[in-house]
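Below is a short briefing on one protein chain.

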Amino acid sequence: MTEQKPVTEQQPMTGQRPIIEKATAPLDDFRMADIDAAGGKGAALGELRRLGFPVPAGFIITTRAYRSLLAETSLGAALDELLGAASEEEPDGAAIRTLFAATAMPRSLRDEIAAGYAALGGGAVAVRSSATAEDLPGAAFAGQQDTYLNVRGEEDVLRAVADCWASLWTDRAIAYRRRQGIRPHEVAIAVVVQNMVAAETAGVMFTAHPVTGERNEIVLEASAGLGEAVVSGRVTPERYVLDRNGKSLSFTPGGSEVVISAAESGGTREGAGRAGTRPRLAPDQLAELAALARRSQEHFGRPQDIEWAAADGRIFILQSRPMTALPPQPQKLNAFQKKVGPFFVEMFQERPYPLDVSGWMSRGILAMLHRMAGSMGVVFPGVGQLLPEEDGVVVRLVPPVPRPTIRTLAAPVSVVRRARQFRTAEWTRDPRFSAFLGRVQRLNEQEPALLHWAGVVGMAEDCFTTMRDITDLRISYLPGIFLPQLRLRAMLLLLGKLKLASALVAGAETRTSQANHALEQLADIARADPALVRAFDGVNEARLPQLVNQEPAHAAFRHAFEEFLAEYGNRETVSVVLSSTPTWSDAPDVVLGLVKTMLGERHQAADQTGAALAELKRHPVLRFGPLRRRVLAAVEDARQGMAFREDSHFYATKLIPPLRRAYRDLGRRLVDAGVVDTAQDVYHLRFEELASIRDNDDGGTLPPSVRERYRPLVLARAAKRRELDGIPLLDQALLFSGKRQVPGALVSGTPASRGRAEGPVRVIHGPAGFGQLRSGDVLVCPYTNPSWTPLFQRAAAVVVDTGGTGSHAAIVAREYGIPAVMGTGTGTKILATGQRVVVDGNTGAVLPAAQDDGA
C-alpha cells in the first residue's frame, strides 16, 4: 500500500486564494484546500456541497474573522501574554475564556456575520466550531469545541459565534491539542453557520467497521430526534451493519433513553424516548445512506465518520471526517504465514517509525534478508508488502511468503560450493570481517555535531553501506548454518536419537553467552560492595545509573560496567529491526536491572546439552571410533553454524549506535529549527526526506522552509501513530487460535526446551522490568531477543507469547537447561504475577501447580 498524504497536503496551496481574505463567505465557496480559512469541518462540508451532497446551506465565518478579533481588540495582546506566561505548561483556559466573554465584537465583523445570517433567511441555524486542526487524519478533535443547535435571531447567532471562538480554549480542547503536539499559537478557528435540520431521526455512520476494521461493511447508528443524543452518548442508538450496497446484515434495537429535539423558542429540549424493536430506517433510506457513504469515502480517499439526519423524507449530511483509530482490514493467513508469523511478531513488538522502515530496515536488515534469499534464488517480499502503511505510518504486519524462481533450481550447487569454501568456525578470520570492524571503528570515531547536515546524512548512509559487509559474510557462510543441521539430524534419525538434536546444538559459545557471563562477573563485583548491593535492592532501576556514576565508593563496579558497555553496549533492547529503540549503551538502567537480577542465587537447572551429548555417546554404534568421530564432528559443525548465526547478528548491531548518534544529531537540529519538539521525533520522517533537506550556508541552521514543509507532516504522522495505539500489528489469534490445547492447561504452546519446573509467575512486558525477576521465577513475557537471555540464568522456566523452537529464547533456554514454552499467544494475558504454575517443556503446557500430580 502506498503512502496516502494527509488531507492537508492533498491540494497544496501555491498562494492564498481571495476567499481567505474574507471574514465570511458562503459554504459553497470552500473546498478542502481551504482548511486554513474554513477549518477542517467547514472545508469538508464546502467540498461536499460543491459535489452535490445534501449538505444544508450555510456560510462560514473564516479564521480571518477570528484573527481580526484578536488584532483589532485588546484580546490579542492579552492572549499572547497568557500564552507566554504558560510557557511549557497548559494555558489557563478559564482565564482565556473570561477574556473572550469581556471582549466586544468589532462592529464591522458583527455586520458581516449578520448579513450572512440574513442571507440564509434569518431562521433557525446550527452554529458549529471548525478549528484548523480538526477533522484531520489521526486527529478528529471530536467534541473538543462547541456546537450550538437551533439558534434563532441575530443576537443569539452573534453570541453563539463568540462562544465558539472561546471554546477553542476549553480545558479539554487545550489538553487534546497538547497531546497532539499542536502548539497554542498554531491553531485558529472558523465557525460554520447552517440552516437547522429539525431531524426526525439522526445519527452517525462509519464507512468501515470501527471495531473489526472490515472495509466491506458500513456501520450505522440512529436514534429519534437530533443526532446530539447519539454523538454525546446520551442514548443507546439502534445499530445497523450494512454491506456496501446498504443491505442490512444485522440490526440491534436501541434503548431510546432520551430524545433531543429543537425547541420552538430556540435551543433544544429533552424528552423520554419510546423503546421499540422495529428499525426506524426503511430499506430505501439505508440504501441512500450507504450510497452517500461510498461516495464520500471514494472522494476523500479514506474511510469516513459521517453525521447525518433525516427530516421531511430527505437525508442530510452534517459532517464527514476521516475515521480515526480504525484497525486495518482483517487478514487471512495461509498455512505458511501462520508458521513463520510468530517469528516476525517477535521482531515487531513495537510499531516501526517511518525512519525505521525507510532507514535501518530497508537499507540494512531487510536488505540483508533480500540478498540472502536472492543467493538461494528466492524473492523476499518488499517492505511495502511486509509492513503496509497509511499516511506514512505502518498499520499492520503481513507475514511474508518468499517466492522461489527458476534460479532456485541451481541453488543446491551454490550451497554446496559455499559450504566447501567457507567454514563457519573460521568466519572471524575472513579478511572481510576485519575490514567490517575497521569501518565500524571509523564510524564510532565520527562526531556528527562537527558535520554539515549532508555530512550527518552521509554518516548514516555509511552505516548502511557497512551493513553490506556483514551481509556478504552471511551470504558466504549461510550454508554453514543449515547444512550441518541437516547432516546432524539425518545421522540422529538413523541412530534413533532425533529428539536430541535441539539440545545438542545449544552448547556453542557465542557473543551472547559471553555477554551473559560478563554480566555474572559484574554481579560478582557488585557483591563485593555491600553498600552497592543495598542500593540495588532499594533503588528503582531508573536511578541506578546515577548512583553508580556519582558515588566514588563504587569506582570498581563503575569501571567494570563501562568496559562492559564498551564491549556489549550495541545490543538491542527491543528488536534488531528497530533503530528507534535504545541499545544497552543508551539504556544503562536496563543492564543494571539485569545485574540486579543476577545478584540473586542462580537457579539450578539440568544440563540439557551435557545430558544429550552423554546419551548420544552411550549409543552402541558410537563405540566404533571413526563413526564416533564423524558424529561428534557433525555436532560441533552444527554448533558452529548456530554460533555464526548468533554472532553475525551481534556484529550487525554494532552499526546501530553510530546510526542512532547520527539520527540524534539530525533530530537536535530539527528541534532548533522548530520542526519537531524532541530529537526522538526525527523518527516520524523518512530517510529520503531527511536526505533531501539542505542546511544554510553557515552549516549549522536550517531554513524556515524546512519547518513549513515538515512540521505538519510530523504532527500528522505522530497523530496517526497515536490513534493506532492498542491496535496490534498482527492479531495473534490468527496465528495461535487453531493450535492444540493440552487438557487442563492454563495456556499451551510449542514445546521448545524439555523439562518440568514449578515456580511463581513473573510477567515482564519489556526491558524496563528486567530487575523485577527473582531467582526461581517462571518468566512470562510477550517476546524475547538476546537482551532477555541473561534472565534465563535465574528463571525456573520461560513462557513466551510469540516465537518457536528456533527463537533466541528457545535456544538459550536449552543452553541453560530450563523448560520453555513458546508461541502461547496469550500467556501474558492469562497468567498473573505470583501465580504458582508448573511449566512442562515436554508437552508445551503451563499447568496450575495445585492440580499437577506430578509436581
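The protein carries 98 positive and 96 negative side chains, and the centres of these two sets are 9 Å apart. Lys and Arg count as positive and Asp and Glu as negative, with His and the chain ends not counted; each charge is placed at NZ of Lys, CZ of Arg, CG of Asp or CD of Glu. This is a predicted model, in which local features need pLDDT of at least 70 and side-chain atom pairs count only at pLDDT 80 or more, while totals for chains, interfaces and linings use all residues. Residues are numbered from 1 along each chain as its sequence is written, and side-chain values use heavy atoms, with hydrogens and water left out.

**Overall form**

- There are 30 helices and 25 strands in the protein; these are DSSP runs numbered from the N terminus, helices being H or I with at least four residues and strands E with at least two.
- The C-alpha trace spans about 105 × 70 × 60 Å along its principal axes.

**Packing and cores**

- Of the 855 residues, 57% are buried, where buried means under 20% relative accessible area, exposed over 50% and partly exposed in between (1.4 Å probe, protein chains only).
- Among contacts with a separation of 6 or more, 70% join residues 24 or more positions apart; a contact means heavy atoms within 4.5 Å.
- The largest nonpolar core has 122 residues, of which Phe557, Leu670, Leu779 and Phe792 touch the most other members. Helix H15 (residues 453-477) gives the most to this core, with 12 residues.
- A nonpolar core is a set of buried Ala, Val, Leu, Ile, Met, Phe, Trp, Tyr and Cys residues joined through side-chain atoms within 4.5 Å.
- Beyond its neighbours within four places in sequence, Phe557 contacts Leu522, Ile525, Ala526, Leu532, Phe536, Val548, Leu592 and Val595.
- A second, separate core holds 36 residues, including Leu75, Ile96, Val151 and Val191.

**Residues with positive phi**

- Most residues other than glycine have a negative phi.
- Asp312 has a phi near 55° and sits in the loop between strand E12 (304-311) and strand E13 (314-322). Asp312 is exposed, at 70% relative accessibility.
- Ala325 also has a positive phi, about 55°, and lies in the loop between E13 and helix H10 (335-347). Ala325 counts as partly exposed because its relative accessibility is 36%.

- Gln145 occupies the loop between strand E3 (125-131) and strand E4 (147-151), and its relative accessible area of 8% makes Gln145 buried.
- Arg179 belongs to helix H7 (residues 171-179) and is partly exposed, with a relative accessible area of 49%.
- Leaving out neighbours within four places in sequence, Arg179 is in contact with Arg722 and Asp725.
- Arg179 and Arg234 are 55 residues apart in sequence, and their C-alpha atoms are 26 Å apart.
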